[in-house]
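I opened the notebook to record what I looked up, item by item. The entries follow the order in which I went through the structure.

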Amino acid sequence: MTMRRVAASLVPPWLEPLLTTPFFSICSAHVEAARNERNMFCLDCGGAESGAFCLYCRSELHAGHRVIQIRRSSYHDVVRVAEIQKVLDIGGVQTYVINSARVLFLNERPQPRASGKGASPHTCEICARSLLDPFRFCSLGCKLVGIKRNGDATFVPPPDEEDDKPAASAAGGGGRRWEDAAEEEQNKTVRSRDFRSATLPNSRRRKGIPRRAPFSS
C-alpha cells in the first residue's frame with residue numbers, strides 16, 4: 001500500500017478542504033445582516049460547494065448537518081478543541097487557551113527560528129515552530145503533512161470514542177498523554193501553592209491582649 005493510500009485512510013475527506021478554505025469574508029447572500037461573516041464550515045458537505053458560510057446560511061442550508069465554527073486569533077484561523085475533538089483525533093497537536101477556551105490552529109504560522117538561551121526545547125516536526133509543550137505539531141496542517149510523510153499518526157478517532165475527551169493518536173502521536181501530564185503537573189503546582197498559602201504563618205495577625213504580671217505588695 002502506497003503512502004498516499006495510507007494517508008487517505010488516516011485523514012477524513014473534509015479536512016484538506018477545511019484547511020484551504022478562506023474564512024471571514026462577508027456573505028454575499030446576507031450583506032445587510034449583522035454577523036454575516038463566513039466563519040462556518042460543514043463537515044457533511046465537505047466544502048465541495050458551500051465552502052465557508054455565515055450563520056444565516058447554516059440555518060437555511062445546513063440544518064441538521066455537522067457544522068464547526070472557525071475563530072480568529074492574531075489574524076490566524078483557530079477552532080475550539082471542544083468542537084473539533086468530537087470528529088477528529090487531535091493527538092500530537094499543540095493547543096492554547098485563548099479567551100478562556102482551549103483552541104488549536106488550523107495551519108502553520110511563519111516564525112523566525114529561535115536560538116539562544118530563551119529558545120524553547122520543543123518545536124514542530126514539520127515547520128520547526130517553537131511550541132510551549134512537548135507536542136509534535138503546531139497545527140492541524142502540520143500534522144496532515146506529517147501523516148502524509150510518515151504515516152505514524154492519524155486524524156481518525158476510534159469508532160467507540162464518542163465522549164468529549166480528545167482521543168490519543170493511534171501511533172506515535174502521544175500528544176494527549178503529553179497534554180494530560182502537563183495539566184496534571186500544573187494542577188500539582190496550584191495545589192502546592194494553595195497549601196503553602198494556607199499553612200504559612202500570617203505576619204499581620206493581630207497579637208493577643210498583653211498580660212501583665214500582678215503588682216507586688
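Entry: I started with Arg 80 and found its bridge partner, Val 103, in β7. The model I am reading is predicted. I then looked up how the two strands are joined. β5 and β7 (residues 101–105) run antiparallel, with 3 bridges between them. I noted another pair here: Val 79 stands opposite Leu 104 in β7.

**Entry: the sheet as a whole.** In what order do the 4 strands of this open sheet lie? I read the order as β4-β5-β7-β6, and the pairing is antiparallel. The edges are β4 (71–73) and β6 (96–98), each of which pairs on one side only. From one strand to the next, the twist averages 55 degrees.

**Entry: β4 and β5.** β4 runs antiparallel to β5 (residues 76–80), and 3 bridges join them. I looked up two of the partners. Arg 71 has Val 78 in β5 as its bridge partner. Ser 73 stands opposite His 76, also in β5. The two strands form a hairpin with 2 residues between them, and there Ser 74 takes a positive phi near 50 degrees.

**Entry: β6 and β7.** β6 and β7 are joined by 3 bridges and run antiparallel. Val 97 has Arg 102 in β7 as its bridge partner. These strands also form a hairpin, with 2 residues between them. Which residue in the turn has a positive phi? I found Asn 99, at about 55 degrees.

**Entry: how enclosed is β7?** I checked burial along this strand. 4 of its 5 residues are buried, so β7 is largely enclosed by the rest of the structure.

**Entry: aromatic pairs.** How many aromatic pairs does the structure hold? I counted 2. I took Phe 23 and Phe 41 to begin with. Their ring centres are 6.5 Å apart and their planes stand at 65 degrees, so the pair is edge-to-face. Phe 23 sits in the loop between α2 (15–20) and β1, while Phe 41 is in strand β1. They are 18 residues apart, and the pair links distant parts of the chain. Are these two buried or exposed? I found both Phe 23 and Phe 41 buried.

I then turned to Tyr 96 and Phe 105. Why is this pair called edge-to-face? The ring centres lie 5.5 Å apart with the planes at 80 degrees, and planes over 60 degrees apart count as edge-to-face. Tyr 96 and Phe 105 are both buried. Phe 105 has a charged neighbour too: Arg 109 lies over its face, 3.6 Å from the ring centre.

**Entry: the other open sheet.** I followed Phe 41 into its strand. Phe 41 stands opposite Ile 68 in β3. β1 (residues 40–42) and β3 run antiparallel and are joined by 3 bridges. They belong to an open sheet of 3 strands in the order β2-β1-β3, with antiparallel pairing. β2 (52–53) and β3 (67–69) stand at the edges with a single partner strand each, so one side of each has no neighbour in the sheet.

**Entry: the loop between α4 and β6.** I looked up two residues here. Thr 95 is found in the loop between α4 (81–84) and β6. At 4% relative accessibility, Thr 95 counts as buried, because the cut-off is under 20%. Its side chain makes a polar contact with the side chain of Arg 102, at 2.8 Å.

Asp 89 is found in the loop between α4 and β6 as well. Asp 89 has 1% relative accessibility and counts as buried. A polar atom of its side chain lies 2.9 Å from the backbone nitrogen of Gly 91.

**Entry: helix α5.** I ended with α5 (residues 140–150). Its buried residues include Leu 140, Cys 142, Leu 144 and Ile 147. Lys 143 is also buried. Where does the charged end of Lys 143 sit? I found it over the ring of Phe 155, 4.8 Å from the centre. After α5 comes Gly 151, with a positive phi near 65 degrees.

How values were computed. Residues are numbered from 1 along each chain as its sequence is written. This is a predicted model: local features need pLDDT of at least 70, side-chain atom pairs count only at pLDDT 80 or more; totals for chains, interfaces and linings use all residues. Side-chain values use heavy atoms; hydrogens and water are left out. Two strands pair if DSSP finds at least two bridges between them. Axes are lines fitted to C-alpha atoms, for helices over the stretch in contact, and angles run from 0 to 180 degrees between N-to-C directions. Buried means under 20% relative accessible area, exposed over 50%, partly exposed in between (1.4 Å probe, protein chains only). A polar contact is a pair of N or O atoms within 3.5 Å; within protein, one must be able to donate a hydrogen and the other to accept it, and residues adjacent in sequence count only if both atoms are side-chain atoms. Rings of Phe, Tyr and Trp (its six-membered ring) pair if their centres lie within 6.5 Å; planes under 30 degrees apart count as stacked, over 60 as edge-to-face and the rest as tilted. A charge sits over a ring if NZ of Lys or CZ of Arg is within 6 Å of the ring centre and within 35 degrees of the ring normal.
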